[in-house]
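Dear colleague,

Please find below the structure that I am handing over to you. The findings follow directly after it, and I would be grateful if you read them with the model open.

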Amino acid sequence: MNEQIYTVMEFSGRGDAMFGGSAADWSLYTQEDGSNAFMSAADAQRRQLVKAYFPTKKEASEAGEAASQRKGLISALPVRRVDEIPYAQLRWIVGNMHVGTSDDDLKADIKGRAKSGMTENAGLLPVSWTPS
């Protein structure tokens, strides 16, 4: 099972903006309508958007190229694994989904659970689950 996922950055402009330059490095975010767009972290936070993630470097690069409006340098970057994310719980959720569940339904389910918090009370674990 490939546990490496990728996100996308667009590097555009020249020189540090703190010193009069025009550089602006933006991440790729998934918008409310499901499309992807590059934007600043401040804009994404204001709209409560999450970064777009992809299972392969190729898919990430293709999505970045398609979403780029500034035609900057697109880079698919591996996401560093964070041990605080309950991977076992996510595997349990995915494993218990019906085999015909679409990727969009799966994404919506996980996003809904993430918004309510990654805790036992958020329904990530089965009620009968106990730590071993």
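A residue is called buried when its relative accessible area is under 20%, and exposed when that area is over 50%. Glu10 has a relative accessibility of 1%, and therefore counts as buried. Please bear in mind throughout that this is a predicted model.

Confidence

The pLDDT of the chain averages 79, and 80% of the residues score at least 70. Confidence is highest in strand S3 (residues 36-39), at a mean of 94, and lowest in helix H3 (residues 87-95), at 74. Over residues 120-132 the pLDDT is below 50, although this stretch has 16 contacts in the model beyond near neighbours in sequence.

The surroundings of Glu10

Glu10 belongs to strand S1, which spans residues 6-12. Which side chains make polar contacts with the side chain of Glu10? One is the side chain of Ser68, at 2.5 Å, and another is that of Arg70, at 3.2 Å. Leaving out residues up to four places away in sequence, Glu10 also touches a number of others, among them Ala24, Asp25, Trp26, Phe38 and Lys71.

Two of these residues are linked by a further arrangement. The charged end of Arg70 is placed over the ring of Trp26, at 3.7 Å from the ring centre. As for pairs between aromatic rings, the count comes to 0.

The hairpin of S2 and S3

Strand S2 (residues 24-30) runs antiparallel to S3, and 4 bridges join them. Within this pairing, Leu28 has Phe38 in S3 as its bridge partner. The two strands form a hairpin with 5 residues between them, and Gly34 in the turn has a positive phi of about 90°.

The side chain of Ser40 reaches the backbone nitrogen of Asp43 at a distance of 3.2 Å. Apart from residues up to four places away in sequence, Ser40 touches Trp26 and Tyr29.

Most residues other than glycine have a negative phi. Gln48, in the loop between H1 and S4, has a positive phi of about 55° although it is not a glycine. Lys71, in the loop between H2 and strand S5 (73-78), also has a positive phi, near 55°.

Are these residues buried or exposed? Gln48 counts as exposed because its relative accessibility is 69%. Lys71 has a relative accessibility of 61%, so Lys71 counts as exposed too.

Tyr53

Tyr53 is situated in the loop between strand S4 (50-51) and helix H2 (57-67). With a relative accessible area of 44%, Tyr53 is partly exposed. Setting aside neighbours within four places in sequence, Tyr53 is in contact with Ile5, Tyr6, Thr7 and Val79. The C-alpha atoms of Tyr53 and Leu28 are separated by 8.6 Å, while the two residues are 25 apart along the chain. Leu28 is the residue named above as the bridge partner of Phe38.

With kind regards

Conventions. Residues numbered from 1 in each chain as written. Heavy atoms only, no water. Buried < 20%, exposed > 50% of the residue type's maximum accessible area, 1.4 Å probe, protein only. Polar contact = N/O pair within 3.5 Å; in protein donor to acceptor, adjacent residues only side chain to side chain. Contact = heavy atoms within 4.5 Å. pLDDT = per-residue confidence, 0-100. Pairing = 2+ DSSP bridges. Phe/Tyr/Trp six-rings, centres within 6.5 Å; stacked < 30°, edge-to-face > 60°. Lys NZ or Arg CZ within 6 Å of the ring centre and 35° of its normal.
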